[in-house]
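Reader: I'd like a close look at one part of this protein, with the cut-offs spelled out. Here is the model I have in mind.

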Amino acid sequence: ATQATGAPDVTECGDNSSAWASFATDTVEWLQVGYNTPVYATQVVIHISYNPSYVTAVELLDTNGNYHSVYTAQPQQMTCPAQLTISFPKTAYQVSGVKITIDQTTLYSWSEIDAVQLTGTLK
């Protein structure tokens, strides 16, 4: 999961060891990243560097350990590399993490995530 923290560092589409990849290629799996400073969130940007079409859910983790859904979708065609931008009204709770679900059951290849950016305010 540490491969998906920090600034994006994969510039081309393809299998790259600098990006997070799931354990298997034909499964439903998830990636959760945490942030040191919780924010009242307004946006999540997922930088996807390989097979970007398979993000099916994004949830925000609040400081009490509860998940809040901000995105659900069926796998959809996207160009690669891709940025999946999910904007929403400012949360009423502080967000300390993001959980991303990918559904690769029809892909039979890896979907790789380079970075996960959380945008928000401290107040």
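What pattern does the protein follow, read along the sequence?

Author: Read along the sequence, you get β-β-β-β-β-β-β, with seven strands and zero helices; strands are DSSP runs of E, at least two residues, helices are H or I runs of at least four, and both are numbered from the N terminus. A bit of housekeeping: this is a predicted model, where local features need pLDDT of at least 70, side-chain atom pairs count only at pLDDT 80 or more, and totals for chains, interfaces and linings use all residues. Residues are numbered from 1 along each chain as its sequence is written, and side-chain values use heavy atoms, leaving out hydrogens and water.

Now, Glu112: this residue sits in strand E7, residues 112-121. What the Glu112 side chain does reach is the backbone nitrogen of Asn16, at 3.0 Å. Leaving aside residues up to four places away in sequence, Glu112 touches, among others, Gly14, Trp20, Ile48 and Tyr50 (heavy atoms within 4.5 Å).

Further along, Val116 touches residues including Leu31, Val44, Val98 and Ile100, again not counting residues up to four places away in sequence. Val116 is also among the residues with the most contacts inside the largest nonpolar core, which has 23 residues; such a core is a set of buried Ala, Val, Leu, Ile, Met, Phe, Trp, Tyr and Cys residues joined through side-chain atoms within 4.5 Å.

Methods: A polar contact is a pair of N or O atoms within 3.5 Å; within protein, one must be able to donate a hydrogen and the other to accept it, and residues adjacent in sequence count only if both atoms are side-chain atoms. Buried means under 20% relative accessible area, exposed over 50%, partly exposed in between (1.4 Å probe, protein chains only).
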